[in-house]
Amino acid sequence: MDLRRIRYFTVLADTLHFGRAALRLNMAQPPLSHQIRVLEEELGARLFERNNRRVELTPAGQALLPEALALLAQAERVGAIAARVQRGELGELRIGLVNSAALTPLVTRLIHTYRQRWPGVHLRIEELTTHDQLAAMIDRRLDLALVRGATAPDLPPTLRTVRLLEDALVVALPPQHRLAGATGPLSARDLADDGFVMYPQESGTGVYDQIMALCRRAGFVPRVTQEARAVSTIVGLVAAGLGVALVPQALRSIEVNGVAYRPLREKEAKSAMWLVFRAGETSAQEQGFRDLAEAAVSLQDRARAPAPDPAKPVRRKRSSAP
């Protein structure tokens, strides 16, 4: 059924005059009469009684009118919904994140701001390892991924990255550890005799490789006494005295049974978080999140930029005007 003819019918039912209806519809009267006849043939019912003096709705026309108005209203809503999805105001956004991301203020602010700005978009957030997130991005099971690693992950040409933040790795020490009361930064070498609570190697976390490389540069291979996949579990096992752990600085917010956190002296003891997105095929929902992320990164960069030295004279260009 042609919605255009349904609209012609409702306008004619409102005016009960072919001339006025044709004027409202911005068309000539003969084509309007023809379209009404076609609609009546499609429905198998006469909708109007017409003669030289008046036009009236038949019982079939009277019964059809409320349904026709509802049909046109529904069609308008469908069009509005499609337009809102296209603009990124509705729909779904699938985001993967490593389990430490939820403890990172920048990430939580991004998610909160996105929800505030586009409340009609359903956020489906999945906690996955870096390896699993990248596989899901390639298979199109995720739209965006938040992963950790000292450097950007090795990606196929279809994926790109933006570095969201960089934070230091710190040492989580059991309450009675010999170094728990230390005041200054520790060296990775200071931990050579300790057992480590670590992510499993197969978990595919960027932090695992970084910790192994850091310890090797310090002259030892860490002795892993316990493995755990969740960062909160790792901190809990440190509290239980099962070993020390190197964790992103954001995890200092986890206060468990007197676990002490100490900075590391090594400059390379840093972890970064990366936003992975699909290149060239960006939905409005994805673009909205990326725009927020890139704006946050730009704001961070400006905040870290050194302030101008007020004691240093400002050199002004000499004017070449006569």
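**View 1. Ring pairs link Y114, W118 and F289 into a cluster.** This is a predicted model, in which local features need pLDDT of at least 70 and side-chain atom pairs count only at pLDDT 80 or more, while totals for chains, interfaces and linings use all residues. Residues are numbered from 1 along each chain as its sequence is written, and side-chain values use heavy atoms, with hydrogens and water left out. Rings of Phe, Tyr and Trp (its six-membered ring) pair if their centres lie within 6.5 Å; planes under 30 degrees apart are stacked, over 60 edge-to-face, the rest tilted. The structure holds 4 aromatic pairs. Y114 and F289 form a tilted one, 5.8 Å centre to centre with 55° between the planes. Y114 belongs to helix 5 (residues 105-117) and F289 to helix 9 (residues 284-304), so this pair ties together parts 175 residues apart in sequence. Helices (H or I, at least four residues) and strands (E, at least two) are DSSP runs, numbered from the N terminus. Both Y114 and F289 are buried (under 20% relative accessible area; exposed is over 50%, partly exposed in between; 1.4 Å probe, protein chains only).

**View 2. F196 and F220 form a tilted aromatic pair.** Their centres are 6.3 Å apart, with 40° between the planes. F196 lies in strand 7 (residues 195-198), F220 in the loop between helix 7 (206-217) and strand 8 (223-227), so the pair ties together parts 24 residues apart in sequence. F196 counts as buried at 0% relative accessibility. F220 is buried too, at 11%.

View 3. An α-helix has 3.6 residues a turn, so residues three or four places apart point the same way.

**View 4. The charged end of R290 sits over the ring of F277.** It lies 3.8 Å from the ring centre. The criterion is NZ of Lys or CZ of Arg within 6 Å of the ring centre and within 35 degrees of the ring normal.

**View 5. N26 and R140 have positive phi.** Most residues other than glycine have a negative phi. N26 has a phi of about 60°. N26 sits in the loop between helix 2 (18-24) and helix 3 (29-43) and is exposed, at 71% relative accessible area. For R140, phi is near 65°. R140 is in the loop between helix 6 (130-138) and strand 5 (144-149) and is partly exposed, at 43%.
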